[in-house]
Amino acid sequence: MDSLRRTCWIARITFLEAVRQRLFSFLLLLGAALAGSSVAFRFLNFGHGELKFVADFGFGIMFLFGSLLAVVMTAQLLYAELDNRTALTLLAKPVSRSEFLLGKFFGVWSVLGVFIVLLCSILAGVLLTRAAELTPLAEAAGRVPPSVDAAGLALFALLQWVRLGIIAALTLFLAAGARTFLFSVVAGMLAVLGGQLQWLAQDLLAKPDVGVVQRSLAWFATRAVPNLQQFNIGDALVLESAGAPAGAAASALLAGSLHLLAFLFLACALFRRREI
Amino acid sequence: MKSAVSIRNLTKDFSVGMRGLKLRAVDDVSIEMPSGQVFGLLGPNGCGKSTTLKIALGLVKQTSGTTSILGDEAASTEARRRTGYLPEAPYFHRFLTGRELVRYCARLSGVSEERLDEAVGRALDLAAMSAAADRAVGTYSKGMLQRIGLAQAVVHDPELVILDEPTAGVDPVGSAAIGGMIAEMRRQGRTVVLCSHLLGQVEQVCDRIAIMDRGRVVLQGAVDEVLTGRDRHLIEVSALTPAAEAAAREAIARAGAVVVGVSRPRRTLEELFRELVTGSKDA
């Protein structure tokens, strides 16, 4: 209980520090402005439905800015504590290294939650307003009126929060062992790219005519690298009345949570050996 | 005598560069720091003082040797619960006020919610920071940062307080104030370990000292013992006339002693400064 309380206090201070960062304010304002004005970009829809374009635009902004925030903020908040020696003050108290690191993680994850909730709220406002405008036009033209599932958007927000949590935990793992902030950020961004391309390893594993070495590497990649693409079911959850394939969201949440826990465990194990 | 900190045959090697060359920062150090006293750990920069203290606090792992704090293994949570630490050149979250910072540290140190306000108030009083406690830490001067650091180190009423360069960058008046706080902690029965370059202050406040050089302890013992070891004595006289001096020399020679020299005692610059400057804004 004491351990949980200490972790919460470190998370609280980390949250307060993180929301004061200029990067957070900048990305939040830019993301909110882009998501809020996404209707203005609908001429770039490449033939897709207007609402689908607006939703995809918002989802893309959320992932791009959210990933950037998760990687940079996680590394920065950990290195700020180490470089400024505030970590010395905290770790000289009856605070374990795991409590310290988990406190940092939960502080960052809370900020990412705020980011996701704000952007999703703006996107929901834009989608619902535009759907209400398009409905009479569609009915007049005899087409099926567009619909926006608010509950689906809430589930999507949860999925994105877990996805950004995985990225933050992965970056924390890299930063716990790395010597420099820059290395942590570059390695974190490459890991995000790897997560987006993880399906390539899955495809390779599914092919029957693959050599043992390639198969082993693909098998390892599918286990070690989180599949960040599996969270891209926003269209199905928000716009399609049939919704996402049964169990897709649950499966993504379960796999994501396992990866998140695994990266946190590895980060704590690595940080325990680090000399402060 | 019961030891608050016991360091035995402590050695620490750091790996340097890509080839992992070993740099020995602490070399077979053994020190006993008795309870209830102020212990001074002295030495030039890079001599291994801070590394020794960090090992004692479990922040760095030793290569060999053992360290215990108040009878517990040094790196243990129990040992850290009973220890307060002020790192060298402390830096704290700038957006917190001094009071918020000390409350935060108190909570992390296990002070209960019922005792929190009283403990924070007492620590701020000891560090003479009550008046500035509701200002943001980012607005504090160097001396105030050291003092708020002292407050966070003692807020949980530790038996042992480790202060690493508490007077670094602080003006002489502020240093004297910190010296007074250390003396107050000793009066309260705490053990204080002090790392400092201000030898005059160490001499004033410490009961025992150890001097380190190149990772080794080159001298340790009670301050009085190590400083009065030489066969020299000082008699201070006022209104000394040439005739009185000649008579005194003759009397001393008759008694079989030798006058080695007669000189006028000088005040130290620090004494003069403190005599002339009664206080500074952030003292």
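Modeller: Start in strand β1 (residues 3-16) of chain B, where Asn9(B) lies. Helices (H or I, at least four residues) and strands (E, at least two) are DSSP runs, numbered from the N terminus. The model is predicted: local features need pLDDT of at least 70, side-chain atom pairs count only at pLDDT 80 or more, and totals for chains, interfaces and linings use all residues. Residues are numbered from 1 along each chain as its sequence is written, while chains are lettered from A and ligands numbered from 1 in the order in which they are written.

Back to Asn9(B). Its phi is near 50°, a positive value in a residue other than glycine. Most residues other than glycine have a negative phi. Asn9(B) is exposed, because 12 other C-beta atoms lie within 10 Å. The cut-offs: 20 or more other C-beta atoms within 10 Å of a residue's own make it buried, 12 or fewer exposed, and in between partly exposed, with C-beta atoms placed from the backbone. Leu70(B) also has a positive phi, about 50°, and is not a glycine. It sits in the loop between β4 (64-69) and β5 (72-73) of chain B. Leu70(B) has 20 other C-beta atoms within 10 Å, so it is buried.

Now the whole chain. Chain B holds 10 helices and 10 strands. Its C-alpha trace spans about 70 × 50 × 40 Å along the principal axes. Of its 283 residues, 42% count as buried.

Next, the sheet. Six strands of chain B form an open sheet, in the order β6-β7-β8-β3-β9-β10, with mixed pairing. Strands pair if DSSP finds at least two bridges between them. β6 and β10 (216-222) of chain B are at the edges, each with a single partner strand, so one side of each has no neighbour in the sheet. From one strand to the next, the twist averages 15°. Angles run from 0 to 180 degrees between N-to-C directions; axes are lines fitted to C-alpha atoms, for helices over the stretch in contact.

Strand β9 (residues 208-213) of chain B runs antiparallel to β10(B), and six bridges join them. Arg208(B) has Ala222(B) as its bridge partner in β10(B). Helix α5 (residues 142-154) of chain B packs on the sheet, touching β6 and β7 (160-164) of chain B. The direction of α5 makes about 165° with that of β6(B).

Contact means that two C-beta atoms, placed from the backbone, lie within 7 Å. Helix α8 (residues 223-227) of chain B holds Val226(B). Val226(B) touches Ile209(B), Leu219(B) and Gly221(B), not counting residues up to four places away in sequence. With 14 other C-beta atoms within 10 Å, Val226(B) is partly exposed.

Finally, the partner. 21 residues of chain B are in contact with 21 residues of chain A. On the side of chain B that touches chain A, α2 (77-81) and α3 of chain B each supply at least two residues. α3(B) gives the largest share, four residues. That side divides into 12 nonpolar, five polar and four charged residues. Here Ala, Val, Leu, Ile, Met, Phe, Trp, Tyr, Cys and Pro count as nonpolar, Asp, Glu, Lys and Arg as charged, and the others, Gly among them, as polar.

Pro87(B) is in the loop between β6 (83-86) and α3 (98-108) of chain B. Leaving aside neighbours within four places in sequence, Pro87(B) contacts Arg85(A), Leu88(A), Thr89(A) and Asp164(B). Pro87(B) is buried, with 25 other C-beta atoms within 10 Å.
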